[in-house]
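Here is a brief report on a ligand site, some helix packing and some backbone details. Please keep the sequence and the model open as you read.

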Amino acid sequence: MINLHSNLRNIDGVLHFGGRNMSEIAEKYGTPLYVMDEQTIRANCRTYVRAMKKYFGESSYPCYASKACCFKDIYRIIGSEGMSADCVSCGEIYTAKSAGFDMSKIHFHSNSKNDYDINYAIDAGVGYFVVDNLEELFALNDIAGKRNIRQKILLRLTPGIDTHTYEAVRTGNVDSKFGFPIETGAAQKAVKKALACENIELKGYHCHIGSQLFDSDVFIRAADIMIEFTCKMRDKFNYIAEEIDLGGGYGVRYHESDPIIDIENNIRLVADRFHKKCRTMNITPPAVILEPGRSIVADAGITLYTVGNVKRIEGYKNYVAVDGGMGDNPRNLFYGSTYSVLSVENLNKPATFLCDLVGRFCESGDVVTPNISLPEDVKRGDKVAVLTTGAYNFSMSSNYNRYPRPAVIMIDGDTDRISVRQETIEDIISRDN
Ligand SMILES: *Cc1c(COP(=O)(O)O)cnc(C)c1O
């Protein structure tokens, strides 16, 4: 069997995930189905919380990027592990609040917050705004002033690093739509303006370089640039940042050929360099924040489907079509992302049938993942598992073609529970007049 994550097992030819039989879970809840493993999410949180305190210092902390996977149970789990969280919308903030999450640990992102969003987030009591642009800074200062509060913020900066990853997930470069570029002087101007805002408390700087990164080089380069900027602002404005957020982006293995990443060791490497750089520049090391999304939840999720048909186009290619697709996983369509796939009940059969795993949505581009192999006798009714779907699948799901979105089942040792119930077709028309 594909050896991808330690929570996957082959027991008598049947896929087990988080210690549970996935054939039984598929029978119990039906397909398509998102299945997540609470213990894996917790273990991933602990890796970050422990390593960040150990290597960056007690006041450093990880902030889970909600957009990777957002529903109430996620906030209960990460909250109990001591994580902070990034939210990018009122919807994410509301979800966190409804789950009883400590709102002072919420960082509110978004490059285009309107007045409604700003008021909503202040009412909800979010701890930090991550300010993207001057219009937002001034609007926030006004609104905070009317409410007689001083709002903590970080300024989102673009350090100008090109990560050579796919264009759509590249955000640290100078021409990004996110943040204030350091290179053009916009970042320095923003610091000056923020320090002059009466109702703003500037806590420090934020940057986010990219996603699905396996190398700490980019974090190290970002840290260097952020510390240099911190020094420059100290010299210019006598202002020393207390916190520096280096963003998210550590990768996960979608395929056996992807590198294995040791998060703790990577954090140690970045921290060593960070402290060395601070010493060289003669600056007290600010607290560090990291914002992992994918690496908290991706390997904690799989998606179960049932095969609808097998199309063998002689001399061309083969398709295996399932009862889901771009509505529950649009990542192949958006980014060309690919996944590893297993036949849930036939792990002991050789997987020699080459095919594309496709969905049931009305788009030729509705491919779950191309060029996979399943057992030769794959047929209607077989269950297949797509692995490593815990990040950016549920959160990017849609009702395209008016298909209801699948349930999310949470496995926790011997128990399983519905974290998000199956959407119904009544739900889908519930907003229609
Ligand atoms: C998306 C995002 C993250 C999380 O990135 P991952 O690659 O999922 O770890 C963190 N910070 C910001 C600002 C983001 O936009």
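## The ligand shell

By class, the ligand's shell holds three nonpolar, seven polar and five charged residues. Here Ala, Val, Leu, Ile, Met, Phe, Trp, Tyr, Cys and Pro count as nonpolar, Asp, Glu, Lys and Arg as charged, and the others, Gly among them, as polar. The model is predicted: local features need pLDDT of at least 70, side-chain atom pairs count only at pLDDT 80 or more, and totals for chains, interfaces and linings use all residues. Residues are numbered from 1 along each chain as its sequence is written, and side-chain values use heavy atoms, with hydrogens and water left out.

Which of the 15 residues around the ligand come nearest? They are Lys67, Ser211, Glu291, Arg294 and Tyr392.

## Polar contacts and cover

A polar contact is a pair of N or O atoms within 3.5 Å; within protein, one must be able to donate a hydrogen and the other to accept it, and residues adjacent in sequence count only if both atoms are side-chain atoms. The side chain of Glu291 places an N or O atom 2.7 Å from a nitrogen atom of the ligand. Arg294 uses its backbone: a polar atom there is 2.7 Å from a ligand oxygen atom. Gly249 also has a backbone N or O atom 2.9 Å from an oxygen atom of the ligand.

On its own, the ligand has 390 Å² of accessible area, and the protein covers 92% of it. Accessible areas come from the Shrake-Rupley method with a 1.4 Å probe; for residues, only the protein chains shown count as cover.

## Two helix pairs

Helices (H or I, at least four residues) and strands (E, at least two) are DSSP runs, numbered from the N terminus. Axes are lines fitted to C-alpha atoms, for helices over the stretch in contact, and angles run from 0 to 180 degrees between N-to-C directions.

Helix H4 (residues 90–98) packs against helix H5 (residues 115–124) at about 15°, with the axes 10 Å apart. H4 and H5 are therefore roughly parallel (angles under 35 degrees). Helix H8 (residues 217–237) and helix H9 (residues 263–280) pack at about 25°, with axes 9 Å apart. H8 and H9 are therefore roughly parallel to each other.

## Backbone details

Thr31 and Pro32 are joined by a cis peptide bond, with omega about -5°. Pro32 sits in the loop between helix H1 (22–29) and strand E4 (33–37).

Asn148 is not a glycine, yet has a positive phi of about 60°. Its loop runs between helix H6 (134–146) and strand E9 (151–158).

Notes: Near = heavy atom within 4 Å. Parallel < 35°, antiparallel > 145°, perpendicular 65-115°, else oblique.
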